[in-house]
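Subject: Structure handover

Hello,

Here is the structure for you to look at. My notes on it follow below.

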Amino acid sequence: MRVDLHNHTTRCNHAKGSMESYIERAIELGIDIYGFSEHAPMDFDSYYRLSFNEMTDYESDVLNLKEKYKDDIKILLGYEVDYLKGYIDNRVINSKVDYLIGSIHFLGEWGFDHPDYKDEYKNREIDQIWQEYFDNIEAMAKTGYFDIVGHLDLIKIFNFMPKKDIRVIAKNALKAIKKSNMVIELNSAGLRKPTKEIYPSPLLLEMAYELDIPITFSSDAHAVGQIGFKYDKVIELAKKIGYTKAVTFEERQAQMITF
């Protein structure tokens with residue numbers, strides 16, 4: 001069974017293609033469970049996400065497609081939520097969705113994964129950047145708000161790698177993820193970025209496996225051509241580590257499937 005839970009729409013202002021075209025492509029690829037997880041509204045960096053007054057329309061669009069294509073594919077409703085202290089909004093956290101992805105895209109006000117701001121890596125101590133990032137992952141997990149950790153090691157996007165052992169840096173974050181019963185996504189978008197590596201790295205995925213943290217799969221599509229991107233490579237990595245099952249969700253309840 002093929003699952004792809006992290007995908008976007010034009011409502012985030014940096015994706016292309018109609019929602020229906022995404023679904024039709026997913027069906028062509030034999031994806032069984034497909035999730036829309038638009039960037040949730042937040043009173044920060046508002047251009048790159050839908051607005052609060054679009055939530056109802058977005059949710060209705062997904063539910064309408066779910067009904068229309070119910071005989072061909074299972075469609076799920078979610079949000080990708082930026083964890084940023086002071087900006088978490090109950091309208092998102094309490095929304096009636098199948099799942100919430102918690103992601104870190106900002107360290108303070110620095111959008112570290114945006115190419116326009118990557119020079120900031122050279123102005124900071126690299127191990128401190130990585131530690132701050134994983135400290136934020138840990139804090140996000142401890143809230144208990146989210147179901148899936150989005151692109152666990154996104155901080156590697158531009159290949160600014162730490163000198164310190166990554167396993168030491170990420171240890172407490174992974175323990176918090178386990179304790180909060182969250183799922184880690186294997187996100188193929190990293191293969192489209194300068195890092196050229198799936199999120200998370202094999203090293204971190206091994207740690208997750210040892211902690212018995214479950215996984216799910218995501219292409220993080222922002223265009224129709226990115227749906228199911230390098231799915232076979234993602235499955236290959238999961239099996240190599242030892243995983244045989246993945247998680248999907250329905251109304252915030254986890255369900256295990258064999259892949």
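The buried residues of helix α1 have a cover that includes β2 (33–39), α2 (55–68) and β3 (74–82). Contact here means heavy atoms within 4.5 Å. Helices (H or I, at least four residues) and strands (E, at least two) are DSSP runs, numbered from the N terminus.

Two points on the source. This is a predicted model, where local features need pLDDT of at least 70, side-chain atom pairs count only at pLDDT 80 or more, and totals for chains, interfaces and linings use all residues. Residues are numbered from 1 along each chain as its sequence is written, and side-chain values use heavy atoms, with hydrogens and water left out.

**Helix α1**

α1 spans residues 19–28, and Met 19, Tyr 22, Ile 23 and Ala 26 are buried in it. Buried means under 20% relative accessible area, exposed means over 50%, and partly exposed is in between (1.4 Å probe, protein chains only). These four cover an arc of only 95° around the axis, so they sit on the same side of α1. The arc is taken over the directions from the helix axis to the C-beta atoms. An α-helix has 3.6 residues a turn, so residues three or four places apart point the same way. Just after α1, Gly 30 has a positive phi of about 80°.

**Helix α7**

α7 covers residues 231–241. Its buried residues are Tyr 231, Val 234, Ile 235, Leu 237, Ala 238 and Ile 241. They fall within an arc of 160° seen down the axis, so they line one face of α7. Asp 232, Glu 236 and Lys 240 are exposed on the other side. The cover over the buried residues of α7 includes β1 (3–4), β8, α6 and β9.

**Helix pairs around α5**

Two packed helices are described by the angle between their axes and the distance between the axes. Axes are lines fitted to C-alpha atoms, for helices over the stretch in contact, and angles run from 0 to 180 degrees between N-to-C directions.

Start with α4 (residues 126–143) and α5. Their axes come within 7 Å and cross at roughly 10°. The two helices are therefore roughly parallel to each other. The classes are: under 35 degrees roughly parallel, over 145 roughly antiparallel, 65 to 115 roughly perpendicular, and the rest oblique. On the α4 side, the contact uses Trp 130, Gln 131, Phe 134, Ile 137, Glu 138, Ala 141 and Lys 142. On the α5 side, Ile 166, Ile 169, Ala 170, Asn 172, Ala 173, Ala 176 and Ile 177 meet them. By class, this contact of α4 with α5 has 10 nonpolar, 2 polar and 2 charged residues. Ala, Val, Leu, Ile, Met, Phe, Trp, Tyr, Cys and Pro count as nonpolar, Asp, Glu, Lys and Arg as charged, and the others, Gly among them, as polar.

Next, α5 (residues 166–179) and α6 (residues 202–210). Their axes come within 11 Å and cross at roughly 40°. That makes α5 oblique to α6. α5 passes α6 in a right-handed crossing. A crossing is left-handed if the near helix is turned anticlockwise from the far one by less than a right angle, and right-handed if clockwise. Ile 166, Arg 167, Ala 170, Lys 171 and Leu 174 in α5 meet Leu 203, Leu 204, Met 207 and Ala 208 in α6. The contact of α5 with α6 has 7 nonpolar, no polar and 2 charged residues.

**Loops**

Between β8 (183–187) and α6, the loop holds Thr 195. Thr 195 counts as buried, at 12% relative accessibility. Leaving aside neighbours within four places in sequence, Thr 195 contacts Lys 156, Ile 157, Asn 159 and Gly 190. Pro 200 is also placed in the loop between β8 and α6. A cis peptide bond joins Tyr 199 and Pro 200, with omega about -5°.

Asn 159 lies in the loop between β7 (148–149) and α5. Asn 159 is not a glycine, yet has a positive phi of about 70°. Its relative accessible area is 41%, so Asn 159 is partly exposed.

Glu 251 is in the loop between β10 (245–250) and β11 (253–258). Glu 251 also has a positive phi, about 50°, although it is not a glycine. At 63% relative accessibility, Glu 251 counts as exposed.

Best wishes
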